[in-house]
Amino acid sequence: MTTTDALFLTTAWPGCPPRLLSAGREDLAAYRDGGGYRPLANAEQLLAEVEAGGLLGRGGAAFPLAVKLHAVRTNGARYGAPVVVANGEEGEPTSIKDRWLLRNRPHLVIDGLRLAAAVVAAQRAYVFVSDAESARSVETALGELDPSWLDGVSVDVVTVGPGYVAGEETAAVNAINGGPTKPTDKPPRPFEVGVGGRPTLVSNVETLANLVYLQFHGAAQFRSQGTAQSPGTFLATITGAGRPAVLYELPHGVPFTEVIALHGISAEKVRGVLMGGYFAGLLNRRVLDTTLDHETIRGIGSGLGCGAISVIVDECPVAVAASVLAYFDRENAGQCGSCFNGTAAMAAAAGALRDGLAATEDLDRLRRWSVVLRGRGACGTLDAACNIAASLLDQFPDEVSHHLAGTCADCQRGAYRADRPYQAAG
């Protein structure tokens, strides 16, 4: 199945019936005809299916959803009715999956939100977005509903300005509580104290959409695609190589080379990738020997993250890293000195390297910063910058050496520069 909307091309994996993708925007009648908003007979049974199915979060961290559900459910019984947040603030420039779901299958997301609320016994829920079209789509879908189909759950849409840190879970909670869309110190985490001081489940919209499949088909069928440790399918945004962004629904465990072949990229031309959006860092041509699942990508020191993969073909990896680090320097929240100063320092060092102005001492400092600054920020921005710096030095030593010597032919012809490298349209 290959479909297009105004902005996005989507493709299902051959031989794998799509679970999340659809042919264009799905209205309420179509969603109901497919069994949507089916009454939930037993919330504990659904929680058991989620646990048995091994559903991992699709927002980036791949944290088991069942663990989150159990924690919020337990804390809710102790401290008051929980809140559930569908996190659709897609701050990652190379990803389009959340926007696609919210624009095209809003009822699937709302239905998943309803199910999560039932599992944790929440009566209040939010859809958290920064994309105006996504917000309109969800509000339209909510307006179509008979409120009884939501099993007593009240759902509101909260729209904020876009930003790389805006989708961090404590930033979402802070914004819904009326504060700035910036991360807060942890602990406490939202599952302990969140929206309105209540235990709060913050879960990515793709993660929640999978709850509907689990309600319909159960854990065994959910695991019929994917791997033992990374079950199910996931939405992958492929960018780069001079080709339009495409959103694929892939079973976990497919070979990377088969994905890029479907995307029309020759493996011979691949120099490397940005894996998991900007967060997980760079990989060299060893990516050609991988399969796309959490355990395999984690095993080579990277991460699948939100499923965004940018393929580097013609660009110099040093210049790519410099552009990403400059982006982090601009996008940091400005509230942690270590991040504010650390991202600026790493961006300056990488920029000097790209421009042939760096010395060995600059690389030594960059390597040291990529280690000692890790974990010092309130959110993941500083860690992401550390990942970019460390992976550049580790994965592309020859390219780094060429830049030290001033002999990078690619950058001599004109160095790659982009405010938002490999940004997906829309």
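**A buried histidine and a domain interface**

In this predicted model, H403 is found in helix α15 (residues 397-405); helices are DSSP runs of H or I with at least four residues, numbered from the N terminus. Residues are numbered from 1 along each chain as its sequence is written, and side-chain values use heavy atoms, with hydrogens and water left out. Because the model is predicted, local features need pLDDT of at least 70 and side-chain atom pairs count only at pLDDT 80 or more, while totals for chains, interfaces and linings use all residues.

H403 counts as buried because its relative accessibility is 3%, the cut-off being under 20% relative accessible area with a 1.4 Å probe, protein chains only. Leaving aside residues up to four places away in sequence, H403 touches C316, V318, L353, R354, G356, C408 and C411 (contact: heavy atoms within 4.5 Å).

Turning to the domains, the assignment, which is automatic or from a database, gives domain 1 (21-223), domain 2 (233-312) and domain 3 (317-413). Domain 1 supplies 16 residues and domain 2 supplies 18 residues to the contact between them. Their C-alpha centres lie 26 Å apart.

About 1500 Å² is buried between domain 1 and domain 2, with 63% of that area from carbon and sulfur atoms; buried area is the accessible area (1.4 Å probe) that two parts lose on being put together, summed over both. On the side of domain 1 that touches domain 2, helix α4 (residues 97-104) gives the most, with three residues.

Methods
Helix = DSSP H or I, 4+ residues; strand = E, 2+ residues; numbered from the N terminus. Buried < 20%, exposed > 50% of the residue type's maximum accessible area, 1.4 Å probe, protein only.
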